[in-house]
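Welcome! Here is a short briefing to read alongside the sequence and the 3D view.

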Amino acid sequence: MTCSAPGARIGARGAIPMRDEVPIHGARILILDDTPRDAALLRNFLLIEGYRDVETLLDSRRALEVCAARGADLVLLDLRMPHLDGFQVMAQLGSQEATGGIPVIVVTADADRDNVVKALRQGAADYLRKPLEPAEVLIRIRNVLRTELLSRAVREQNAALERKVAERTRELEQTQEELFVRLLRATEFRDGGTGHHVRRIGRNVYRMALLAGLSDSKAKDYRYASMMHDIGKVSVPDSILLKPERLTAEEFEIMKRHTVDGAAILGGSDREVLRLAEEIALTHHERWDGTGYPLGLSGSDIPLGGRMTSIFDVYDALTSERPYKNPWTEEDALRETRRLSGRAFDPELVDLFLTNLSMFQRQEFDDPETAPAVRTLCARA
């Protein structure tokens, strides 16, 4: 394998002007050739042209190790080498995520056209035959590096934009939740609440939805929708909503209307989260056995959002202080939840709740940092 003899300086036949907008001369280039003279000659071409980070490697067995450990922006690869030939080296590099994207220019004395086609099909960015003509070599290296570095810059820019979008999305979600909580506090304040009830309902419905196999996006829709389940209580008079004694039959009928009124407030939107919120507001007091209100639905005819919300609405109400009652202990509330399984609540959802209690601690609030852990827990459940 021979290269053209080192004559005058690179560029003696016409220097190549390099006015690229990308910093190609700082690129890390690895020359892999088992012939020391050829490797050194190619390295000198590059150093004279201004490339600053050029390494030669004579043993093809170390190619993957060197590229993985130190990285490379371009590999100049001989085909005919002992131990591993150029095709095997390309296969090794392509098999690893860390090295699979490194561009390769095959530089060889092999004139077999089938090997040219094979190398290009295997992913080589270009193919140069020895003996090498310096100007041609440098032009092709420049072109491949410009393409690679520009593509990398685009990928990095896209990744940065994606991070910004993700960050902005998190901010919007947090703002959305805060807006929901602040608006819904008006309802809870009338009932002696603080806004924590709707946050707990939203968090628990979200996690239940993940356990039930819904996507994270859909689970979030249910989260925000369930937080609006009691918005219809704005229509209930204080004399009934805050009454410390048991409601009369007439008063209870008025109280029951908060489901219909809530659905009316939320109805008519083409937004998925608001359609779910309308559905949940209307059905979160339906019972599995058909004795609930306002529609008397039973079993799976009750929408999923209503079935999930009803469990946590009752459980949270039992463990909270109200004008008409003291809070129950968690043990008593869990016992009541078990008793109502198959009566008021979907038994499968109750099983998910009771077998994953650590995910539904009353005192814990959602934190964006814990979301991946929550999804992991759900995947294992």
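In what order do the five strands of the open sheet lie? The order is β2-β1-β3-β4-β5, with parallel pairing. This is a predicted model, in which local features need pLDDT of at least 70 and side-chain atom pairs count only at pLDDT 80 or more, while totals for chains, interfaces and linings use all residues. Residues are numbered from 1 along each chain as its sequence is written, and side-chain values use heavy atoms, with hydrogens and water left out.

**The sheet**
- At the edges are β2 (53-57) and β5 (126-129), each pairing on one side only; strands pair if DSSP finds at least two bridges between them.
- Strands here are DSSP runs of E with at least two residues, and helices are runs of H or I with at least four, numbered from the N terminus.
- From one strand to the next, the twist averages 20°.
- Strands β1 (residues 28-32) and β3 (residues 74-77) run parallel and are joined by four bridges.
- Opposite I31 stands L76 in β3.

**A helix across the sheet**
- Helix α4 (residues 113-121) lies across β4 (104-108) and β5, at about 150° to β5.
- Such angles run from 0 to 180 degrees between N-to-C directions, with axes fitted to C-alpha atoms, for helices over the stretch in contact (heavy atoms within 4.5 Å).

**The largest nonpolar core**
- Among its 38 residues, M308, F312 and F353 touch the most other members.
- A nonpolar core is a set of buried (under 20% relative accessible area, 1.4 Å probe, protein chains only) Ala, Val, Leu, Ile, Met, Phe, Trp, Tyr and Cys residues joined through side-chain atoms within 4.5 Å.
- Helix α6 gives the most to this core, with eight residues.
- Leaving aside residues up to four places away in sequence, F353 touches M208, I311, F312, Y315, L334, T337 and F360.

Note on methods: Buried means under 20% relative accessible area, exposed over 50%, partly exposed in between (1.4 Å probe, protein chains only).
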